[in-house]
Amino acid sequence: MTNMLTSSSTPGTSILSTMDDELRRHLQITLAHCNEQTDPEYIYRALAITIRDRLVNNWLDTQCRCSHIPQKHVYYLSLEFLIGRSLVNAVNNLDLQDQARDILLQYGTTLEEIAEQEQDAGLGNGGLGRLAACFLDSCANLRLPVTGYGIRYEYGMFHQHIEGGRQIEDPDHWLRDGNPWEIVRKEDTRRVKFYGRSELYYDSEGVHHCRWVDTADVLAVPFDMPIPGFRNNTVNTLRLWKASATDAFDLNEFNAGGYSEAVAAKNTAEQITMVLYPNDASENGKELRLKQQYFLVSASLQDVLADWIQKHGDLSDFGSQNCFQLNDTHPACAVPELMRLLMDEHGMSWKEAWEVTTHCMAYTNHTLLPEALERWSVSLFGRLLPRLTEIIFEINRRFLKEVAEKWPNDPEMLRAMSIVEEGDAPQIRMAYLAIVGSFSVNGVAALHTELLKSGLFAKFNDMWPSKFNNKTNGVTQRRWLSHCNSKLRELLNETIGDEWEYNLEHIASLQPYADDAKFRAQWREVKLTNKRLLSNYIEKNTGVVFPVDFLFDVQVKRIHEYKRQLLNVLHVIHLYDRISRGDVVGMVPRCVLIGGKAAPGYHVAKLIVKLINNVAQVINSDPKADSLLKLMFFPNYRVSAMEVICPGTELSEQISTAGKEASGTGNMKFMMNGALTIGTLDGANIEIREKAGAENFFLFGLNASEVQQLRGSYDPNAIIAGDVDIRRIMESLESGRFNANEPGIFDILIGGLRNPYDQWLTIADLRSFIDAQARVAEAYLDPEHWSRMSIINTASSGWFSSDRTIHQYATEIWKAHPLVCSIG
């Protein structure tokens, strides 16, 4: 097999000519478009197909190596894959940047301009989906035989814009113009069942079996996307499922005049993969979301089993040669579904099927919030998935028997650990199901894992301590440093070489340069360039100008109370109050950027967005503040936006209530790019502080144990009354200063801040936050000192590469090994 990557990655006239010819051919033949005054959209599509063509040989070669060499294969099941844009990532991984730029110059454009034509793939929401994308990148980089399985959503979560300070959600039809990176594989279409009933029967040998009958079936059609490794001839696969009706059109119904009824089955089926995370406030929304989760796991498990049987004939070694990694609780249906397939479709006994299942399944937990651990009502689950409900009840019966043996005569323990929660409306605890059915359960940061073991899942840890382990998250340095920060990449490569792009541990060799004054000056120049790019980007998208000599203070992430964007706004109000009173001695000019999406049904989060925008409107229109403070809410935050925001950020806000953030990954991206962190001892912040050194991290707030101790005796009103700065902040908020024409609009937020039962403890941490921000300002006044801290943060970021995380998954959980370079 020709090694296309090797031939295409060597610079030269012939390669340039070949790529140019291919791009012209795709413009003229594939897209039927003239070369004269070519629209950038057509250039993007032609270039994307050209680059995809150069991935195909290595893609096929990787599949051959997976098929012909006996080794363990891993399947990463995730409801989200926030992969962002694919073009520049693929170009960089193939080392074709120079050739692509030279060709595009002939069309009067640049790679950056053409990359802007690509829609961000709407396959995820926040950190969970972006983590999954980083993990697939690292699996390909480490040449691990890992396939991603997800859903091909027609619409992403939503496109966010701001009207009157409020978040407005528009459809994110990212597939409107198609996706040139995907290849449909209709030959691998699977059938997924819903509704119906279970039926007992005996086979010809008198053996008792169960089958699922009278079902409403949906087809799962796979679309494959290539996931290229970094210049290593490996291309893994992300397989995304699209729902389709078994019969798209009822001609008799149409001819009878029932036009809507004629396509009803098609519309009902396609709803499953229409929208990422449908609003589950209604019963119909809940049902659709459960359908999505089961659709993903059933199609994926059927796919893996069919491929295995085709290659091996039977399932005798299936359990030892395959591993399914469940990315959070969403794919937990995989446990009973694999049991169903092995027993009902492949004739295994319960004992045999359970042995296979519990050797295949591994579960990653991503949350410490009990309300975020999914539960499904038994009534809904039983109606939609009756056969799985039976299997879950049997799993639970056998599990509780084990619990009773360990803790005899303890009915409370049985109730506490039961997969099925008792009550007037019984519910299935999906996290418990995942734990019981998996051989490994991991958290995603050291603190998170310890809190899982000592709190949320303490009894399960007592029962199976060897199951629980930690795998601190990471991000890929190839996208989040090399690709998004080209100026810093060039400086690093000139200074320490490019080995860090392959293995981020080598970034540690940057450490001595923190004491080099000449290098610090170069570092500041790179940061200034990136701040200019970010300032231009903000002005283009919002109309607000961020002066580049201000401190760039950034918090971009999903809007949620525990992430405490509200705390950030309170500090901004404090700064504005000082400016209003003329208390500006020693104040560092500061631009504060906040971005993120609030879930459509999350009223308080949307109120926080409204408050940010109202405060920004007041500050940005006040001449007194013009030379000292800017605040902007960045609309429609997404991966491609972060690629501009991250390099230009100087202060990274990681300010969640301690014990609430599982890990975080934005904190790692900012650290890699030299931003300093202000944060609590929460999630991966703890490890960032350990690696960079306490002196290079701005710590504030209660720790997790202090948070727990304070509950029950918390008195925010006493704190407000006893602190003049906080009292002024609350007076500004309560006086209507930021909502003069909308009285009472923020009363819910104000009431929450003053509530002794506020679980986010915002007022408790506010004084410490203000003081830490003062230390930030003091440090920023000394550019040499700030630059040194910045360099040390980047030099200390090696631990936070997703390559390290995936290597730990592979060696400690999956027991998977890299593919050999050639099948021979």
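Contact means that heavy atoms lie within 4.5 Å. Keep that handy for these exercises on a predicted model, where local features need pLDDT of at least 70, side-chain atom pairs count only at pLDDT 80 or more, and totals for chains, interfaces and linings use all residues. Residues are numbered from 1 along each chain as its sequence is written, and side-chain values use heavy atoms, with hydrogens and water left out.

**Exercise 1.** Find out which residues valine 618 touches, and whether it counts as buried, partly exposed or exposed.

*Solution.* 
- Step 1: go to helix α26, residues 603–620, where valine 618 lies (helices are DSSP runs of H or I, at least four residues, numbered from the N terminus).
- Step 2: skip residues up to four places away in sequence, and you get Tyr576, Arg737 and Phe738 as its contacts.
- Step 3: check the cut-offs: buried is under 20% relative accessible area, exposed is over 50%, and partly exposed is in between (1.4 Å probe, protein chains only).
- Step 4: valine 618 has 22% relative accessibility, so it counts as partly exposed.

**Exercise 2.** Work out how far valine 618 is from leucine 631, in sequence and in space.

*Solution.* 
- Step 1: along the sequence, valine 618 and leucine 631 are 13 residues apart.
- Step 2: now go from C-alpha to C-alpha, and the distance is 9.5 Å.

**Exercise 3.** List what phenylalanine 399 touches.

*Solution.*

How values were computed
Helix = DSSP H or I, 4+ residues; strand = E, 2+ residues; numbered from the N terminus.
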